[in-house]
Amino acid sequence: MEQFAKPGDFCPNQACPDYQKLQTDQSQPNIIKAGKTRQGVQRFQCQTCGKYFVETSGTIFYRKRTPEHEILETLALLAEGNRISSLTRVKGHKEDTILSWLREAARHTEELEEVLMKDYQIKRGQLDGLWAYVGNKGEKKPSGNA
Ligand SMILES: [Zn+2]
C-alpha cells in the first residue's frame, strides 16, 4: 500500500494536484530526477507543481498520522528556540510525540536540514541547536538558553 512508496514515487507537496499520487498510478509520470545535492542525495522535481524535493522528503514522516508540514513546522519552531513544553500547548501535540519526531528527524539530518532551510528559512546555527536538543533528550529544560 501507500506506506511502502519509495522516494521519488510521489510528490510531497500538499498544494500539488498530484500530491502523494504514486507514479505507478499516473498515466504520465510527474516526478523526474533532477541531479543530486552536494551531499549526494538524489533530488527530484515534480513536473506538475515545479517543486524540488530530495530523496527523503515526505517519506520519513509519510506513515505518520500528522501531516508532514505540521511536523516540519513544529521542528522549525523548535529550531527557532521555542521549547517543547510551549509547543505542546500551542500545537496541541504531546511532548513524547514531538520528541519522537525530533529523534526520527535526527536520523535524517542531512535531508531535513535542506528542507527546513529552504522551506522554513531556518538558519544553520538554529539547526545545530535543534539537533543539540535531541542530544539532550530526556532533559526537559536544556540550560544555556536565556
Ligand atoms: Zn507536485
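Q: What counts as a helix or a strand here?
A: Helices are DSSP runs of H or I with at least four residues, and strands are runs of E with at least two. In this predicted model, the protein chain has five helices and three strands by that rule. From the N terminus on, the order is β-β-β-α-α-α-α-α.

Q: What makes strand 1 and strand 2 a pair?
A: Two strands pair if DSSP finds at least two bridges between them. Four bridges join strand 1 to strand 2, residues 42-46. The two therefore pair, and they run antiparallel. One of the bridges links Lys33 to Phe44 of strand 2.

Q: Why do strand 1 and strand 3 count as edge strands?
A: The open sheet has the order 1-2-3, with antiparallel pairing. Strand 1 (31-36) and strand 3 (52-54) each have a single partner strand, so one side of each lacks a neighbour in the sheet. Neighbouring strands of this sheet are turned by 35° against each other on average, direction ignored.

Q: How do you know which atoms coordinate the zinc ion?
A: Donors are N, O and S atoms within 2.8 Å of the metal. The SG atoms of Cys11, Cys16, Cys46 and Cys49 lie at 2.3 to 2.4 Å, so they qualify. Along the chain, the donors follow the spacing C-x4-C-x29-C-x2-C.

Q: What does the pair Cys16 and Cys49 tie together?
A: Cys16 lies in the segment before strand 1, and Cys49 lies in the loop between strand 2 and strand 3. The pair therefore ties together parts that are 33 residues apart in sequence.

Q: Is Cys16 buried or exposed, and how do you know?
A: Buried means under 20% relative accessible area. Cys16 has 5%, so Cys16 is buried.

Q: What makes Cys49 partly exposed?
A: That class runs between the 20% limit for buried and the 50% limit for exposed. Cys49 has 30% relative accessibility, so Cys49 falls into that class.

Q: Why is helix 1 called roughly perpendicular to helix 4?
A: The axes of helix 1 (residues 68-79) and helix 4 (residues 109-120) come within 11 Å and cross at roughly 85°. Angles of 65 to 115 degrees count as roughly perpendicular, so the label holds. His69, Leu72, Glu73, Leu75 and Ala76 of helix 1 make the contact with Leu112, Val115, Leu116 and Tyr120 of helix 4.

Q: How do you know which class Leu77 belongs to?
A: Leu77, in helix 1, has 22% relative accessibility. Buried needs under 20%, so Leu77 counts as partly exposed. Not counting residues up to four places away in sequence, Leu77 touches Asn82, Leu87 and Lys91.

Methods
Residues are numbered from 1 along each chain as its sequence is written. This is a predicted model: local features need pLDDT of at least 70, side-chain atom pairs count only at pLDDT 80 or more; totals for chains, interfaces and linings use all residues. Side-chain values use heavy atoms; hydrogens and water are left out. Axes are lines fitted to C-alpha atoms, for helices over the stretch in contact, and angles run from 0 to 180 degrees between N-to-C directions. Donors are N, O and S atoms within 2.8 Å of the metal (3.2 Å for Na, K and Ca); water is not among the atoms, so sites may look incomplete. Buried means under 20% relative accessible area, exposed over 50%, partly exposed in between (1.4 Å probe, protein chains only). Angles under 35 degrees count as roughly parallel, over 145 as roughly antiparallel, 65 to 115 as roughly perpendicular and the rest as oblique. Contact means heavy atoms within 4.5 Å.
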